[in-house]
Amino acid sequence: MATEPAAGPGLLRAAGTGVLVALMSLAFSMSYAAVVFSGPLAPFRDAGISMAVFGSAVYAFASALSGSVPGTWWGNQASPVVLVALAASGIAAALADAAPATLFATVAVFTALSTFVAGLAIFLIGRARLGQQARFIPYPVIGGFLAATGYFLLEGGIELVTGAPLGLASLADPAALFRWGPLVIAGAGMMLASRWLGPSATLLGGVALYLLGFAAFLAFNGLGLAEAASMGLLLGGPGDGTGIVLALSEAGRADFAAVTGQVWTIGAIAFLTILGIVMSVSALEVQMGRSFDLDREMTRAGLASMAASAGCGFVGFHSVSVYQLSRALVRVPVPAIGLTAGAVIVAVLWGGLGYVAFVPKGAIALILVFLGIEFLWHWLVVARRSMPRIDFAIVATILATAIAFDFVVAIILGTIAASVLFTLAYSRVDVVRNRVSGRLRLSPTERPERDIATLVAKGEQTLIFELQGFLFFGTANGLFERVSAEITRPGASIHHLLIDFRRVSGLDVSASFALGRLVDLAVQRGVQVGFTGVSDRLRDTLGPLAGHAGLALYPTLADGLQRAEDDLLAGGDGTEGGGHDDPMSAFGALLAEATARGLPLVEERAALGAGGVLYAQGDPGDDLAYLAEGRLSAWITQADGSRARVASFLPGAVVGEIAFAAGTSRTASVVADEPSVILRVSRGSLERAAAEDPALAARFQAAIARLLAERLGRTTALVFAMDA
C-alpha cells in the first residue's frame with residue numbers, strides 16, 4: 001500500500017483548509033448539540049452549542065499539538081452524543097417539575113461526567129497497552145451499535161425540524177411529512193452523491209446549497225430573519241453565548257440523583273467510545289497506508305476528552321470525515337491545519353456564538369439526516385453484501401433493540417452477542433497445532449543407529465499432540481473426542497500419549513475436567529499419559545489433576561519424548577527392548593575395526609570430565625566424535641545471551657558430523673553432562689586412513705552420508721506431516 005508523500009502544503013493553503021475544517025467542525029458541534037438539547041431542553045440549545053464548541057476547540061489543538069500521526073483530526077463524535085441525547089431526554093422526563101436551571105445543570109454535569117469517564121477509560125486502556133484487545137470486538141456487534149447511532153441521528157434531525165420525535169404520528173401527519181420528507185430525500189441524495197464526491201465534500205456542498213436555497217426562499221417570499229425565526233425556521237434565541245460559564249457556575253444546582261440514575265448510560269458511552277476510536281483509527285490506517293500505535297492514540301485522545309469535560313464538552317476522538325476533507329484539499333494534512341481550525345473555533349466561541357440564532361434549523365437537521373442515512377445505508381445495505389446471515393441478524397437485532405427499548409439494553413444484548421460469537425467462533429478453532437506419532441517426532445536425543453531404527457519401528461505406539469490457544473469447555477471437549485477416538489480405535493496399539501501445552505495461553509475449570517476424563521480413559525486402556533510444557537499458572541488451573549497417579553508432568557516435550565523412548569527401548573511396550581547392554585553402533589564398529597587393523601582413522605581417544613567442553617559454538621568443524629561412554633548435551637547461546645539445550649547424546653551417538661561433512665563452523669557448544677569418553681576422527685586422520693585403505697575410508701564416508709540422509713528424511717517427513 002502506498003504511503004503519503006513527504007511534501008506538505010504551503011502555509012496559506014493549510015490555513016485556508018483549517019478555516020474550512022473549522023466550519024465543518026462547528027457544523028458538527030451545532031448538529032450534535034441540537035440532538036441533545038431538543039424538546040424540553042431546547043431553550044438551552046445555545047449553551048449546549050457552547051459546550052460542544054468548547055470541546056471542539058480542545059480537540060483541534062490537542063490533535064495538532066499532541067497527535068502522534070500528523071494530519072489526523074479529533075472532534076466530537078456521533079455515537080457517544082446519541083447516548084448523551086438519550087440520557088438527557090431521560091433526565092428531562094425525570095425532572096419535568098424541576099426549575100429550568102436545575103434541569104440544565106443536571107444535563108451539563110451528566111455530559112461532563114460521561115465525557116470524563118469515557119476519556120479516562122480509553123486513557124487507562126492505552127496506558128495498560130490493552131488497545132489491541134479492543135480490535136477483537138466482533139464486527140457485527142460494532143455494526144449494530146453504529147446502525148443504531150444512524151437511526152437516532154436521523155430521528156434527531158427530523159425532530160429538530162418538526163418538533164416531534166419520529167413515530168407513527170409524524171409519519172401520518174401530512175404537515176410534518178411536508179417538513180421532514182424533503183429533508184430525508186435531500187439526505188439520501190447526498191448519501192448517493194458521496195459515493196463519487198466523498199462524504200466531506202458532499203456534506204459541505206449540500207449544506208452550502210441548502211443555505212443558498214434558504215436565502216432564495218426568504219428573498220422570494222419577502223421574509224426577514226425575524227419572520228423566519230417566528231416561523232421556527234431558525235435555531236433562535238442564542239442569549240449572550242456564555243453557556244460554558246453557566247454550565248460551570250450552575251453545576252451546584254444539579255440533581256445528582258438524576259445523574260446517578262444514568263450510571264449505566266455513562267458506562268455505555270465509555271464502551272461506545274472504545275468501539276468508536278478502534279473503528280476510526282482502523283479506517284485511518286487504511287486511508288493513510290500506515291499503522292498507528294493504538295495504545296498511544298487512545299492515551300492522548302483520552303487526555304483530550306478529560307480536558308474537554310472541563311467545559312462540559314462531548315466525547316471526541318479521531319474523525320475520519322474531517323481527515324478526508326483536509327486530505328482532499330491539501331493532499332498531505334499537516335498540524336498547521338489543526339492550529340488554524342482551533343484558532344477559528346476559539347474566535348467563534350469567544351465572540352461569534354450570538355450569530356448561532358440565525359442558523360437555519362434545516363441546515364443542521366440536514367447534517368444529522370445525512371449522517372444518519374449514511375450510517376444506516378452502510379450497515380444495513382453495503383455491509384450486508386459481505387456479511388453472513390447470522391452476522392447481519394445480529395446487526396439488525398441490536399438496531400431493533402435500541403429502537404424498541406433502549407440503547408443501554410442494546411449494549412447489553414451486543415455484549416452477550418459478542419460473547420456468544422466469540423465462543424462459537426473460537427470453538428471452531430482447532431486447538432491441536434500438530435498431531436504426529438513417535439515414528440516421525442523423535443526426541444533431540446542422539447542414539448545409536450540400531451536404537452533409532454527400533455524407535456522408528458515402534459513409533460506408532462507414541463501419540464503426540466501439540467496444543468495452542470485457550471482451552472475451555474468447547475475446545476477441550478473436542479480434544480477429548482479426537483484423542484479418545486485414536487486411543488480406542490480398533491487395532492490401535494498406543495502405549496504413550498504426550499500432550500504439549502507450551503503454546504496454550506490458558507484453560508478454564510471445564511477444560512481441566514475434560515482433560516481429567518481423557519487421562520482416566522487412557523489409564524483404563526493401559527496408555528501412559530504425559531503433559532509437557534505445563535506452566536505454573538496452568539498447573540494451578542489443573543488443580544488435583546496435576547497429581548493424578550496416571551499422569552506424568554515433564555518440563556518440555558523433549559523430556560517427555562525421551563522418557564517414552566527410553567521406555568520403548570527397555571521393552572516397556574511388552575516387546576523385546578533395544579539392547580542397551582551393547583551401545584556399540586555400526587559406526588562404532590567401523591571405528592573399532594579400523595583400530596584393530598592399526599589404521600589411523602581415530603585421531604585420539606579422550607576422556608571428558610563432567611562439564612568438559614567437547615566443542616564450542618563457532619569453532620571450525622574439522623573433526624567429529626563418537627561417544628563411547630557417558631552423556632553429552634548440545635547448547636546454543638542465543639542473541640540475548642541466554643543458553644538453550646537443543647540435543648542430548650547417549651553412548652553410540654555421533655557428534656559434530658554436520659559441521660564436519662559441510663566444512664562449516666559449529667552451531668552449538670557440546671558439553672559433557674557426566675564423565676564421558678569420545679573417539680575423535682579428524683579430517684587429517686581420515687585422509688591418512690584413506691591413503692592406507694581407500695575402501696574403509698569410503699565405508700566411513702558412506703556411513704556419514706547415510707546418517708545425514710536418514711535424519712533429513714525424518715525431518716522432511718515430520719515437516720510434511722505437520723503441514724498436513
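Apart from its neighbours within four places in sequence, S512 is in contact with L507, T541, L542 and L545. The model described here is a predicted one.

- S512 is found in helix α22, which covers residues 509-524.
- Because its relative accessibility is 9% and buried means under 20% relative accessible area, S512 counts as buried.
- A polar atom of the S512 side chain lies 3.1 Å from the backbone oxygen of L542, and L542 is also one of the residues in contact with S512.

**A nonpolar patch on the surface**
- The residues I412, I416, V420 and L424 form a nonpolar patch on the surface, and together they have about 360 Å² of accessible area.
- L424, one of the residues of this patch, lies in helix α19, which spans residues 407-427.
- With a relative accessible area of 45%, L424 is partly exposed.

**Strand β12 and its partners**
- Strand β12 (residues 632-637) pairs with strand β13 (residues 643-649) in the antiparallel sense, over six bridges, and T637 stands opposite R643 in β13.
- The hairpin of β12 and β13 has five residues between the strands, and in this hairpin G641 takes a positive phi near 90°.
- Strand β12 is also joined by four bridges to strand β15 (residues 669-672), and these two strands run antiparallel, with W635 standing opposite S669 in β15.

Key
Residues are numbered from 1 along each chain as its sequence is written. This is a predicted model: local features need pLDDT of at least 70, side-chain atom pairs count only at pLDDT 80 or more; totals for chains, interfaces and linings use all residues. Side-chain values use heavy atoms; hydrogens and water are left out. Patches are made of residues with over 30% relative accessible area and no salt bridge: like charges are joined within 9 Å, nonpolar side chains (Val, Leu, Ile, Met, Phe, Trp, Tyr) within 5 Å. Accessible areas come from the Shrake-Rupley method with a 1.4 Å probe; for residues, only the protein chains shown count as cover. A salt bridge is a side-chain nitrogen of Lys or Arg within 4 Å of a carboxyl oxygen of Asp or Glu. Buried means under 20% relative accessible area, exposed over 50%, partly exposed in between (1.4 Å probe, protein chains only). Two strands pair if DSSP finds at least two bridges between them. A polar contact is a pair of N or O atoms within 3.5 Å; within protein, one must be able to donate a hydrogen and the other to accept it, and residues adjacent in sequence count only if both atoms are side-chain atoms. Contact means heavy atoms within 4.5 Å.
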